[in-house]
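Hello,

Here is the structure we talked about, with the sequence alongside. Please look through it first, then read the notes below.

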Amino acid sequence: MGQILLKGIVKSYGKELVVKNLDLTVQPDEFLTILGPSGCGKTTTLRMIAGLEEPDQGTIQLGDRVVFSRNDGVVIPPEARGLGLIFQSYALWPHMTVAKNITLALKEQKISKSDIAKRLETALEQVQLTGYAERYPSELSGGQQQRVAVARLIALRPSLLLMDEPLSNLDAKLRTEMRASLKRLHRDLGATTVYVTHDQIEALTLSDRIIIMNEGQIMQQGSPYDIYHHPANIFVAEFIGDPGINLFKGSIANGVLDCGAISIPLPDTLTERSGSLIAGIRPEKISVSETAQAGWQEVRTEILQPTGANTIIEVKVGDTPITLLQSGFMTLPEGTPLWIDFEAEALSFFDIDTQNNLRNEAH
Ligand SMILES: Nc1ncnc2c1ncn2[C@@H]1O[C@H](COP(=O)(O)OP(=O)(O)OP(=O)(O)O)[C@@H](O)[C@H]1O
Ligand SMILES: [Mg+2]
């Protein structure tokens with residue numbers, strides 16, 4: 001439905017500047033995720049959109065309506081902003097049953113009794129809590145309470161949706177299932193959504209667009225694909241990806257990247273570069289062989305972590321540690337020789353001083 005527009009938002013608590021001149025547009029029906037480390041200002045930003053915190057400066061617009069403007073003295077209270085909310089502390093009414101908690105807002109909207117009953121049933125089904133309608137929050141686990149909060153949104157069907165870590169209290173399996181539910185919910189409702197998390201998997205799997213935030217500032221915004229494959233700077237490159245990206249300090253001369261123990265011939269498209277830089281390559285972009293291959297680099301295994309479908313392999317070339325990611329379940333004794341080959345097209349190059357991606361700076 002409507003877009004969400006933030007302009008020049010500044011927020012501090014005492015002397016601490018928590019959000020620094022933030023500009024942000026969420027397109028109608030877009031699923032936007034704000035991702036960043038603990039304390040970077042994600043919840044504060046969401047609370048300002050909701051009206052639970054007042055910015056020091058700036059303007060917030062929901063749809064066509066200005067709901068906050070410091071200059072014009074506009075402050076619309078949260079309940080009049082027409083939003084659906086889930087917050088980190090999922091705030092269910094303790095004295096109301098699950099059913100009451102879910103349907104309270106619907107009753108205020110004059111929806112028919114039979115419709116409310118239907119929405120309640122569907123919402124409970126979607127979060128796998130059928131049969132829990134008459135329980136009180138104190139009779140539920142943390143994860144179940146969180147799912148009630150999600151069910152409340154499913155039943156409410158708001159056109160603007162704000163969610164702050166709605167899945168943080170769930171176990172891994174349930175979190176994967178709930179991610180799919182949220183994605184389905186967004187597809188069905190088409191609500192303009194701002195989703196806050198520090199979980200990169202949630203961000204990558206759910207979002208149309210991701211904003212990477214650090215210390216109250218936007219480090220990069222882009223599609224999950226771009227954020228993963230074309231990180232704007234070293235902060236984003238390291239923040240996204242598990243296992244993390246490999247970074248090597250080195251230099252390019254005559255079409256070869258030389259990082260001490262490692263040297264990688266570059267494809268024609270990259271040979272115009274030269275000089276010192278930091279090279280980055282994701283673990284899955286390095287091929288691995290258990291037998292010798294001509295032109296491949298020999299390494300020795302250190303630690304292997306099979307995760308089921310994949311294995312994370314730590315190796316060393318000289319003193320340089322490298323992380324590899326192979327599909328399949330591998331167990332090899334420490335010190336086993338392996339041969340690796342870098343997919344040169346997948347390299348990112350960063351400026352040593354600014355830490356910015358040189359691909360972006362070249363244009
Ligand atoms: N009411 C408050 N009073 C003072 N400082 C606050 C207040 N709320 C938040 N802060 C500070 O503002 C900064 C940003 O907090 P915020 O809750 O927005 O972080 P976050 O990105 O949501 O982190 P997390 O991932 O841990 O939830 C933190 O340094 C925090 O200590
Ligand atoms: Mg938070």
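**What surrounds the ligand**

Sorted by class, the shell around ligand 1 consists of three nonpolar, seven polar and one charged residues. Keep in mind that this is a predicted model. The residues in question are Tyr13, Val18, Gly36, Ser38, Gly39, Cys40, Gly41, Lys42, Thr43, Thr44 and His198. Which helix gives the largest share of this shell? That is helix α1, residues 42-50, with three residues.

**Two helices in contact**

Two packed helices are described by the angle between their axes and the distance between the axes. Here the pair is helix α2 (residues 98-108) and helix α4 (residues 142-156), with axes that come within 9 Å and cross at roughly 30 degrees. The crossing of α2 past α4 is right-handed. On the α2 side, the contact involves Val98, Asn101, Ile102, Thr103, Ala105 and Leu106. They meet Val148, Ala151, Arg152, Ala155 and Leu156 of α4. By class, this contact of α2 with α4 has eight nonpolar residues, two polar and one charged.

**The chain as a whole**

The chain has nine helices and 21 strands. Along the principal axes, its C-alpha atoms fill a box of roughly 75 × 50 × 35 Å. How many of the 363 residues count as buried? The share is 35%. Among contacts between residues at least 6 apart in sequence, 64% join residues at least 24 apart.

Regards

Notes. Residues are numbered from 1 along each chain as its sequence is written. Chains are lettered from A and ligands numbered from 1 in the order in which they are written. This is a predicted model: local features need pLDDT of at least 70, side-chain atom pairs count only at pLDDT 80 or more; totals for chains, interfaces and linings use all residues. A residue is near a molecule or strand if its C-beta atom, placed from the backbone, lies within 6 Å of it. Helices (H or I, at least four residues) and strands (E, at least two) are DSSP runs, numbered from the N terminus. Ala, Val, Leu, Ile, Met, Phe, Trp, Tyr, Cys and Pro count as nonpolar, Asp, Glu, Lys and Arg as charged, and the others, Gly among them, as polar. Axes are lines fitted to C-alpha atoms, for helices over the stretch in contact, and angles run from 0 to 180 degrees between N-to-C directions. A crossing is left-handed if the near helix is turned anticlockwise from the far one by less than a right angle, and right-handed if clockwise. Two residues are in contact if their C-beta atoms, placed from the backbone, lie within 7 Å. A residue is buried if 20 or more other C-beta atoms lie within 10 Å of its own, exposed if 12 or fewer, and partly exposed in between; C-beta atoms are placed from the backbone.
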